[in-house]
Amino acid sequence: MKRLVVGAHYGLMDWLAQRVTGVLMAIYTVIIFAAMLGGATASREAWQAFMANGFIRFITFLFIISLCYHAWVGVRDIWMDYVNPAAMRVILHVLTLLALVGYAGWAVQIIWRL
Amino acid sequence: MTNAARTVHFKIYRYDPDQDAKPYMQDISVEIESTDRKLLDAMVKLKAQDDSISFRRSCREGVCGSDAMNINGKNGLACLTAMDSFPEGKPIVLRPLPGLPVIRDLIVDMTQFFKQYNSIKPYLINNDPPPERERLQSPEDREELDGLYECILCACCSTACPSFWWNPDKFVGPAGLLAAYRFIADTRDQATSDRLDDLEDPYRLFRCHTIMNCVDVCPKGLNPTKAIGKIKEMMVRRAV
Amino acid sequence: MTYTVRKFDAVIVGAGGAGLRAAIQLSEAGYKTAVLTKVFPTRSHTVAAQGGVAASLGNSEEDHWHWHMYDTVKGSDWLGDQDAIEFMCRKANEVVVELEHYGMPFDRLDNGKIYQRPFGGHMSNFGEKPVRRSCAAADRTGHAMLHAMYQRNIKVNTQFFVEWQALDLVRDADGDVLGVTAMDMETGEIVVFHAKATIFATGGSGRIYYSSTNAFINTGDGLGMAARAGIPLEDMEFWQFHPTGVAGAGVLITEGVRGEGGILRNSDGERFMERYAPNAKDLASRDVVSRAMTTEINEGRGCGPNKDFVLLDITHLPPETIMKRLPGIHEIGLQFAGVDCLKEPLPVVPTCHYQMGGIPTNYLGQVVVPKDGESSVPVQGFYAAGECACASVHGANRLGTNSLLDLLVFGKSAGETAVADLGKSGNAHKPLPQEAIDRTLARVDRLNHQKVGADVHDTRLSMQRAMQKHAGVFRFKDMLAAGVDRITEIEQEVARTQIKDKSKVFNTARIEALELDNLIEVAKATIVSANARTESRGAHVRDDATDTPETPDGRDDKNWLKHTLWYREGSRLDYKPVHMKPMSVDTIELKKRAY
């Protein structure tokens, strides 16, 4: 008989963070759309200049971090929903984390290279 | 009023572990009268014709929660499903509630479902010495329990919930969480923070992804998703 | 055929209101208790009770247990035992408050106290005017109550055997009760539950009638088991026909509808209850209202194409009141009558609802039988409570909301008495007699092997039709006599029922056949007792009982102020006196009943 263990006593902050990051991403999306309509992406040069702005870099960075955290909670939820063996879940969690950290680093590199 | 007979066709999930190697779908028809208004009436006729068709039933008025089953792909109570709600000419497909082990035909083993219900301590906890008379509660406070206490434990909701299908041992499920909130919302209950502690768990509560299948199927028109939302809201309020 | 024996201090059969209430007492006292139930506890038929539970809390206006007692005695047409009635009415506040402490979600008044509504036959100041006595949780009181008690049982760790069908009472040569035999429905396994205390809380048997508000499970299992074990059944001629069952469907519509202001109307739109009960009108006692409705229908003032129902009108009430106090009725109207009661009246007919009689008990919940010249001697180790028992608090007619009170008060007292008796008993169980076990094995064995027998469904249907025809709201001398013959014929059929399904696993066909064995005992007890009682009293009204000054409305106190006892053996009848002496107050003297 396998003993079932529940009671990890976390989850609220992740659930909340997913909502908060969702809102942040939505706001960022609105700003970018507004900038596009305002012609910020009319040419490659305009776009480059727009993205070089310190404030835009900062909120883009926030967006990337939000996206990664949001994705972490969401993808982890999928593994928890559908993958039952705990060992397999740990591996998938680690791979997900590594991928997301990697993506985040890569994105930061791109933003500050511009 | 005429009692004109008409024939109704069924496709029923059959499985008797005593006789059958594996489950199968049986095509069967029955004559019903216009007074057989509900699916359960037709099923009782069906059982008179073939006494081996097995299902649970009791009150036939939607308060006992016995005859929950999967009707044309959607969970519901046979006694509250009107015969004239079915499209003409197509067989009525009856299956056991999904996600629970089948004991026989339409009868499922509800152990896991009740285990989850029991796990939320579904009883009032108040450690003050009981007063001589009733504990007072304002009508407004009592109103908080409306839409919660009416649950009949039929399991339509939990067995319509994919999160419960995948993690029936770890996710409390909509019915259990509705019951949990029924006690959290009760001004007479003193264990609110323990109850919230117990539910603050990635599996027990947070497997709910608000897809609202539970709300869609509840034969009593209750809203477990809303109750789950309120539990989360209370957790946020106490955390921030 | 094999069986196993399991030992418990106590076994409770039935997990409805009375069984759960008794279980709380035993579990809290720490006794090893098995609660057998053929359905999951919250599916028991207590769940369908709607209107409320009576208690003279006096939350809205002055009330007194003595007034409640007077109403109950009068409602019973003086057939109720006044000691048991006093006991119940005095205990009412205590058990209702306890239930509130268990967490029952009663509706509330502005001052935070339990909401109370008027109900039929409940009056203030010894029958003066209707009083608010029914403590309610909307129109789902039974549901709220049953769940609250089940939840309390979870808290006190009661051991349930869910989906176990009790089969026979185990009684030894001394007449002592030593438990029951039962079948695990899931596997077909037979187990003897060997116990020092056996409490029956098996509910009613309204399914002996064709048209009934009762659930499919209300098959009188406790009564059948008791009768087969030689225990008599008391006052079985008294069956309550609830005035307001949905026409055609039989589903109950609470008297609380009339308590909230609903009015019964005939095809002329007349509020006919004003003619039959000028004082209480629509809130007269149930037998009175049911007879008035039947009379209206019989005299051609029924509604609908066949003039076979009357109307229950609440369209004059504010929709907010209906949706707040009677939400379940609104739902039932839509579901089972196709009527939105906010806009249209509901079609209703008197429908079989409650069995006033049952296994004879006293106010302590002990089963009592005549022995050595005494009329009420406790059977060792045997207790009963709720609808299956006859304490007798309802006599010839029960008042609405007194049934939920009955199961609380007597469920608790049966539990308490069992706890007290267990405390006095030694550790050893009396040895099991083999005959009782053999009887069960023979019954099951016959069903497993019977070929070319009677069909269970058809036989049950003929019994239900016969009871409906021969022992309905109004009873007729010739029809009753013919009914005895008819039921005796059907009894022969029941003895040779056949099932095609022979599976061991969750064989519901077999359960239905075993239930029919119990139903037929109840039907026979009813028709034989009714045929013998040649007066009219409460719910038992016959054409040949004439209204004279000595026998007002056909009630013959000189010859019939006594309880019927029906014995299965030879279908023999016996009688015992009514307890006219209450515990502490003066006897409520006999008088003509008028509302």
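**Talking through the predicted model**

Modeller: Let's start with chain B, which has 8 helices and 7 strands. Please keep in mind that this is a predicted model. The C-alpha trace of chain B spans about 60 × 45 × 30 Å along its principal axes.

Colleague: Thanks! What share of the residues of chain B count as buried?

Modeller: Of its 240 residues, 59% do. The cut-off for that word is a relative accessible area under 20%. As for contacts in chain B with a separation of 6 or more, 65% are made by residues 24 or more positions apart.

Colleague: Let's move to chain A. Why is Y28(A) called buried?

Modeller: Buried means under 20% relative accessible area. Y28(A) has 11% relative accessibility, so Y28(A) counts as buried. You will find this residue in helix α1 (residues 12-37) of chain A.

Colleague: And which residues does Y28(A) touch, not counting residues up to four places away in sequence?

Modeller: Those are M51(A), I59(A), T60(A) and F63(A). A contact requires heavy atoms within 4.5 Å. There is also a C-alpha to C-alpha distance to look at: Y28(A) and I56(A) are 9.5 Å apart in space and 28 residues apart in sequence.

Colleague: Now for the sheet in chain C. What makes β3 and β4 of chain C edge strands?

Modeller: The open sheet has 3 strands, in the order β3-β5-β4, with antiparallel pairing. β3 (53-54) and β4 (116-124) each pair on one side only, and that is what makes them the edge strands.

Colleague: Last one: what is the volume of the second largest pocket, and which residues are closest to its centre?

Modeller: Its volume is about 630 Å³. Of the 25 lining residues, M110(B), T111(B), F114(B), F40(C) and V162(C) are closest to the centre. α2 (111-119) of chain B, α4 (141-155) of chain C and β6 (159-162) of chain C each supply at least two residues of the lining.

Colleague: How does that lining divide by residue type?

Modeller: There are 12 nonpolar, 6 polar and 7 charged residues.

Key:
Residues are numbered from 1 along each chain as its sequence is written. Chains are lettered from A and ligands numbered from 1 in the order in which they are written. This is a predicted model: local features need pLDDT of at least 70, side-chain atom pairs count only at pLDDT 80 or more; totals for chains, interfaces and linings use all residues. Side-chain values use heavy atoms; hydrogens and water are left out. On a 1 Å grid over the protein atoms alone, a cavity is a set of points where a 1.4 Å probe fits but cannot get out, and a pocket is an open set with protein on both sides within 12 Å along at least five of seven lines; lining residues have an atom within 4 Å of a point. Grid points are joined across faces, edges and corners, and a volume is the space filled by probe spheres set on the points. Helices (H or I, at least four residues) and strands (E, at least two) are DSSP runs, numbered from the N terminus. Ala, Val, Leu, Ile, Met, Phe, Trp, Tyr, Cys and Pro count as nonpolar, Asp, Glu, Lys and Arg as charged, and the others, Gly among them, as polar. Buried means under 20% relative accessible area, exposed over 50%, partly exposed in between (1.4 Å probe, protein chains only). Two strands pair if DSSP finds at least two bridges between them.
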